[in-house]
Amino acid sequence: MGRTTDGKAPRLKDVAAVAGVSHQTVSRVVNGHPNVRTGTREKVKAAIAELGYRPNTAARSLVTRRSRRIGVLASELSQYGPVNTLMGIEQAARDAGYSVSIAALREVNRASICEAINNFMDQSVDGIAVVVPHEEAFAALDDMKLSVPVVTVGSPTNRNVSGTIVDQGQGARAAVQHLLQQGHRAIAHLSGPPGWPDSSERKAGWREALCGAGLPDEHLFIGDWGAGSGYTIGRKIAQDPRITAVFAANDQMALGVLRAFAEAQVRVPEDVSVVGFDDQPESAYFTPPLTTVRQDFEELGRKSVDLMLRELDVGMPPPTAVVTPALHIRASTAPHQPVSPLSGRHSTNPGPRRSFKDT
């Protein structure tokens, strides 16, 4: 912290003197008041930086009746999506002058969710962001009457809260439409686990795209978001020559599928095309590079903070904010190859798929 000429920590009036404005103007800038001219705001910010002024958060809380703290309830932080959403929330909160208190759930159940939210309320947070895309979280929120804004992040909202969502169904339909355009007709889906809205919506998008093409949804497999489940299910798919394409509900499961296919000598994309979901940074370096649906998780986090602050200022929940995903096409997908009438396999395939029975 900087010091003034008398050796004391800089105060509001010191910033005002350096900037050549009133202390009321400095206060408005510090508290994020919108009715300040851009030039004046910049002068005040320059004076704050020059003096090293730090607001007295305790005194400011007494005036504004806000703690300038946001609670974030999160789960699955080992996964790419939730951790990057959390980064977006933290950055947006800091930019708005808020600190963040995080509660990471080991298990998603009503008791743990209620306990974490009650702890946030004991900390007098100004709002709560819920990065727990699970039906159990919505059930818990339905039962709690909270006096602060609550924003669900990345999943469908319920009647009690506002939220930011990714159009999961649209992303899934885009993935399957791409495979259909490549001539694939037997498209398997490796879904996420039950109870997760993201899993349900991506599965519904897969079904809608197949139904629109007049195709059955007979090749459905259930995973758990992890690469291990993708590998286990990939071993099963590798032994079914009818399946020519796989849409995995996230990149981690797609990675497991690629490993299983490599061991079974099933070539990607010559024998089977593979599409993931998330576009984690490593997906461009899978073997082969993975076609996947990109979600802008940091934008999701930023929008959630914006919604929360707007509700704090206006007093009414704003409309749901939607982030649109985008398909990124890489080398793991290709046009469906014709089948050789002699071998019953793709005409370019040097041999049958390997069985895992002896491995």
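Modeller: Axes are lines fitted to C-alpha atoms, for helices over the stretch in contact (heavy atoms within 4.5 Å), and angles run from 0 to 180 degrees between N-to-C directions. This is a predicted model, in which local features need pLDDT of at least 70 and side-chain atom pairs count only at pLDDT 80 or more, whereas totals for chains, interfaces and linings use all residues. Residues are numbered from 1 along each chain as its sequence is written, and side-chain values use heavy atoms, with hydrogens and water left out.

Biologist: At about what angle to β2 does helix α6 run?

Modeller: Helices (H or I, at least four residues) and strands (E, at least two) are DSSP runs, numbered from the N terminus. Helix α6, residues 110–122, lies across β1 (69–75), β2 and β3 (127–131). Relative to β2, the helix runs at about 160 degrees.

Biologist: Which strands stand at the edges of the open sheet?

Modeller: The open sheet is formed by six strands in parallel pairing, in the order β2-β1-β3-β4-β5-β11; strands pair if DSSP finds at least two bridges between them. From one strand to the next, the twist averages 15 degrees. Two strands have a single partner strand each, so one side of each is left without a neighbour in the sheet: β2 (99–105) and β11 (321–323).

Biologist: Which residue of β11 is the bridge partner of Thr164?

Modeller: Strand β5, residues 162–166, runs parallel to β11, and three bridges join the two. In β11, the bridge partner of Thr164 is Ala321.

Biologist: How many residues apart are Tyr80 and Phe297?

Modeller: These residues form one of two aromatic pairs in the structure. Ring centres of Phe, Tyr or Trp (its six-membered ring) must lie within 6.5 Å, and planes under 30 degrees apart count as stacked, over 60 as edge-to-face and the rest as tilted; Tyr80 and Phe297, at 5.6 Å and 85 degrees, are edge-to-face. The pair links helix α5 (residues 80–95), which holds Tyr80, to helix α12 (residues 297–314), which holds Phe297; the separation is 217 residues.

Biologist: Which residue lies over the face of Phe277?

Modeller: Phe247 and Phe277 form a tilted aromatic pair, with 6.3 Å between the centres and 45 degrees between the planes. Phe247 lies in strand β8 (residues 245–248) and Phe277 in strand β9 (residues 273–278), so the pair ties together parts that are 30 residues apart in sequence. Both Phe247 and Phe277 are buried. A charge sits over a ring if NZ of Lys or CZ of Arg is within 6 Å of the ring centre and within 35 degrees of the ring normal; here, at 4.1 Å from the ring centre of Phe277, the residue is Arg202.

Biologist: How far apart are the closest N and O atoms of Asp217 and Arg207?

Modeller: A salt bridge is a side-chain nitrogen of Lys or Arg within 4 Å of a carboxyl oxygen of Asp or Glu, and the structure holds 13. Asp217, at 33% relative accessibility, is partly exposed, and Arg207 is partly exposed at 35%. In their salt bridge, the closest N and O atoms are separated by 2.7 Å.

Biologist: Is Asp271 buried or exposed?

Modeller: Asp271 forms a salt bridge with Arg267, the closest N and O atoms being 3.4 Å apart. Arg267, at 26% relative accessibility, counts as partly exposed. Asp271, at 1%, counts as buried.

Methods. Buried means under 20% relative accessible area, exposed over 50%, partly exposed in between (1.4 Å probe, protein chains only).
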